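Please look over the sequence and the model shown here before reading on. The report that follows takes up strand pairing, then a helix, then the contacts between parts.

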Amino acid sequence: MKKLVSQRQLILILIISLVALKVLLLPSLLAKEIGRDAYIYVLIALLFDFFMLLIFLFLFNKNPDLSFYQILEKMFGCMIARIMMFALFLFFLMKCWGAFVTNYSYLNENLYTSLKWYTYCFPILIIVFFIARLKVNALARLVEFFAPIVIIGFLVSLLVGIRKADYTNLLPILENGFFGNFSIFFKYSFWFGDYLIFIVFFGNTKVEKKFNITISTTILIAIVLIALFFATIFSVFSYNSVSHTNSISDILQVLPSTADIGSFDWVLILVWDMALFLYFAIYILGAFYSFRQTFGKKYDLITTSAILIVVLILAIIVNFDIELSISLAKKYFWIFSLSIEYGIPILLFLFSPMIKRRDKADEIFMEK
Amino acid sequence: MKYLWKNKTLLIILIFAFWLVPQAISIPEQSRTETIVTGVAIDKVENDYEVTLQYIVPHASTSSQSLNLSSDKGKTIDEAISKVNAKLGKFSGFAHCRVLVFNEKACEENFTKLLDSFLRKKTNTNNIILINTKDSAKDLLGASDNLDSNLYSYLNNNAHSDELKNQGDLKSIGDYYVSYLGPSKTLAVNVVDIEKESGGDSPSGSGDNSGGGGSNSSSNSSQGDNGGSGGSQSNSSQSSEEKKQIKNEGKLLIIKNQKKLLTLSAEDSKNLNLFNQNVKKSNLQIKDFSDENLVNADITFDIYDKSVKTKVYFRNNEPYCDIYLKIHLRTSEVFSNSLDKTDYEVLQQKYTDKLFDEIRREIINRMQSAERNFKDNNYDVINCEEAFYKFKNGEYKKYLKLNNNKEEFIKYVHFNYYVDIAKGA
């Protein structure tokens with residue numbers, strides 16, 4: 001398979017998918033339900049994601065020339081592989097829906113007094129349609145170009161927050177026990193599992209020097225920074241974290257003594273809108289990829305259009321209401337998200353010796 | 001047409017251009033439909049709220065734009081704002097609003113009522129500074145119109161500039177909600193008043209320096225001694241009949257459980273600010289002091305930096321709070337019956353142990369006076385209870401279970417003070 005994506009591009013795609021959606025509404029939602037200890041649960045969930053990513057890296061290293069679908073096919077056969085790809089397609093579709101509605105709500109709240117849904121939808125869907133139709137390296141180059149700006153925006157916001165934060169606001173730690181909040185936190189599984197986008201890049205990523213160590217170290221640093229961001233949000237806003245539904249730019253606005261810096265939140269809003277757009281495009285690509293593997297490559301044009309129309313219909317069904325979308329995701333999709341996020345990598349890890357056995361059997365068959 | 005049909009991307013872009021461009025043409029420019037609100041005043045007048053908006057109408061100009069005022073009444077804040085909008089024929093944008101002034105009557109009832117509408121606005125209004133005034137918030141906002149900058153910059157300079165950092169800590173709407181949701185439910189808000197003086201021929205203020213070249217056509221500020229007991233910063237309007245001067249003595253309004261509890265005098269506020277890590281500056285007077293160098297001297301010290309550390313603990317099931325205060329001070333003035341060159345040199349070079357003890361005693365006296373005040377009136381603006389909650393959570397909860405005095409926790413805390421003095425140049 002032709003190697004289209006570089007190691008750097010892969011890392012940036014993983015970072016964008018890790019950060020983009022988590023630093024807007026999620027801190028406020030978790031502050032409301034879990035309180036100041038939310039960062040601990042976020043850290044744990046992200047570390048779980050990290051271990052799942054390590055499993056994917058392990059599989060990727062073992063089969064550097066195979067696509068994810070080919071690995072699944074070798075392990076479980078064609079039928080189960082297709083079912084798994086379809087489940088992944090649904091997972092990515094959910095993520096697209098989440099990103100699409102969040103982006104609308106974000107723009108409506110921060111840049112426009114009232115943004116008409118069609119003014120928002122059609123331009124963005126058409127652009128994403130073309131991105132999804134391009135080869136994977138086109139999106140990778142797009143992300144490579146814009147991701148540094150997004151990362152700088154995130155770091156500026158974090159640094160301003162750290163300067164203002166009173167970390168004693170995180171005390172007492174785990175006042176209501178450790179396990180009590182887990183059942184609540186599981187409902188937010190929808191926001192995690194972003195490492196799964198890695199499946200798109202199986203077989204077409206160039207393996208460069210120190211590939212594993214570079215990816216794992218960078219992602220680990222990103223995870224720690226995201227958890228630190230959550231801790232900083234509560235330290236800065238304290239009991240009032242709940243009302244800050246746009247954490248990434250609110251953190252700049254809250255400082256009366258640095259009101260001039262606060263004005264830069266407009267820049268950050270624009271940067272973050274770009275991050276959401278990239279996130280949406282990445283997951284449309286993921287959905288497109290997994291759908292194509294499930295049903296074949298015959299009807300690419302129709303498939304891409306259909307995916308975007310489904311996303312649009314889902315958004316219209318919930319009336320572009322972010323709160324309704326969240327309550328639906330929490331109510332109906334959390335078990336599905338959890339099983340996809342952790343079930344698939346664990347299954348793959350357990351069945352990974354099967355590939356060798358099948359390869360050997362193929363070799364014996366060929367010799368005969 | 002054939003070319004367009006072949007190039008579908010271009011075709012789609014053109015379709016969208018044909019659809020969106022006419023829409024954009026029909027939309028009026030935002031500067032004609034919106035005002036930029038820089039400050040809000042809320043007065044409770046009988047059963048209504050009178051809301052005054054200080055705003056600028058954005059337009060292309062090289063000179064500074066003037067501030068305007070418009071007000072109206074309503075049963076709720078939002079209703080009053082809507083009426084002002086209707087009056088102006090423009091929508092009020094609060095993204096640049098920096099200060100909210102309210103009069104004393106407005107905070108006698110549910111204070112959260114005043115702020116709720118701001119917290120729910122799309123634009124972030126959490127960092128709007130809260131200022132209390134005794135009589136008319138509208139008048140204060142009007143008087144601030146004549147300042148060199150605006151009320152927010154004026155207050156911000158007083159609170160945060162290195163030279164003036166003695167006017168208390170500015171508190172915002174966000175701070176109010178944090179304190180309201182926290183254990184103490186108490187917030188200290190700065191009080192700024194206005195003085196009305198009838199007559200006066202001079203168009204400028206009565207202070208030492210009258211500056212020029214401000215953004216407004218009116219006179220500029222005069223800054224006298226700020227802080228300290230009775231010190232005031234003032235600014236006067238140009239009116240020859242009645243001058244309105246801003247009077248900022250550093251007084252604090254204590255809001256507890258969503259209501260005004262009391263207004264502290266300038267002296268009490270200054271004492272209370274000794275507990276506040278964010279208030280770095282103050283001054284201190286030692287009266288009638290004698291030692292080997294001075295006889296019956298009145299000495300004024302300038303506290304130019306300060307750090308406060310708090311340690312809380314329980315002993316014999318009683319809550320204790322140790323306050324460690326480190327102050328950096330320098331002598332600013334000496335009045336002595338026998339003042340001569342020697343006194344000046346002595347004070348610049350060496351503080352005697354007796355003088356150190358005297359300063360320490362004076363500071364502890366002031367802190368104890370503040371302690372008496374907050375214990376007598378049962379308010380915890382120093383967040384002592386929150387410190388127990390954070391650092392001694394188990395014992396704190398046990399204590400509350402055993403002693404049913406959560407509402408009056410501060411009254412039962414034993415305070416110890418440790419003052420460390422560092423002499424500056």
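In chain B, B:Val45 stands opposite B:Asp48 in strand 2, where strands (E, at least two residues) and helices (H or I, at least four residues) are DSSP runs, numbered from the N terminus. This is a predicted model, in which local features need pLDDT of at least 70 and side-chain atom pairs count only at pLDDT 80 or more, while totals for chains, interfaces and linings use all residues. Residues are numbered from 1 along each chain as its sequence is written, and chains are lettered from A and ligands numbered from 1 in the order in which they are written.

| Partner of strand 1 (residues 34-45) of chain B | Bridges | Direction |
|---|---|---|
| Strand 2 (residues 48-56) of chain B | Nine bridges | antiparallel |
| Strand 4 (residues 91-93) of chain B | Three bridges | parallel |
| Strand 5 (residues 99-103) of chain B | Four bridges | parallel |

The hairpin of strand 1 and strand 2 of chain B has two residues between the strands, and B:Glu46 takes a positive phi near 50 degrees there. In strand 4 of chain B, B:Ser92 is the bridge partner of B:Thr35, whereas B:Ile42 has its bridge partner, B:Phe102, in strand 5 of chain B.

Helix 9 (residues 266-273) of chain B is largely enclosed by the rest of the structure, because six of its eight residues are buried. A residue is buried if 20 or more other C-beta atoms, placed from the backbone, lie within 10 Å of its own. The buried residues of this helix include B:Asp268, B:Lys270 and B:Leu272.

The domain assignment of chain B, which is automatic or taken from a database, gives domain 1 (30-260) and domain 2 (274-423). Between these domains of chain B, 13 residues of domain 1 are in contact with 14 residues of domain 2, contact being defined as C-beta atoms, placed from the backbone, within 7 Å. On the side of domain 1 of chain B that touches domain 2, strand 7 (186-198) and strand 10 (242-256) each supply at least two residues.

Between the chains, 21 residues of chain A are in contact with 21 residues of chain B. Helix 6 (117-133), helix 10 (247-253) and helix 11 (259-262) of chain A each supply at least two residues of the side that touches chain B, and the largest share of that side, four residues, comes from helix 6 of chain A.

Methods: A residue is buried if 20 or more other C-beta atoms lie within 10 Å of its own, exposed if 12 or fewer, and partly exposed in between; C-beta atoms are placed from the backbone. Two residues are in contact if their C-beta atoms, placed from the backbone, lie within 7 Å. Two strands pair if DSSP finds at least two bridges between them.
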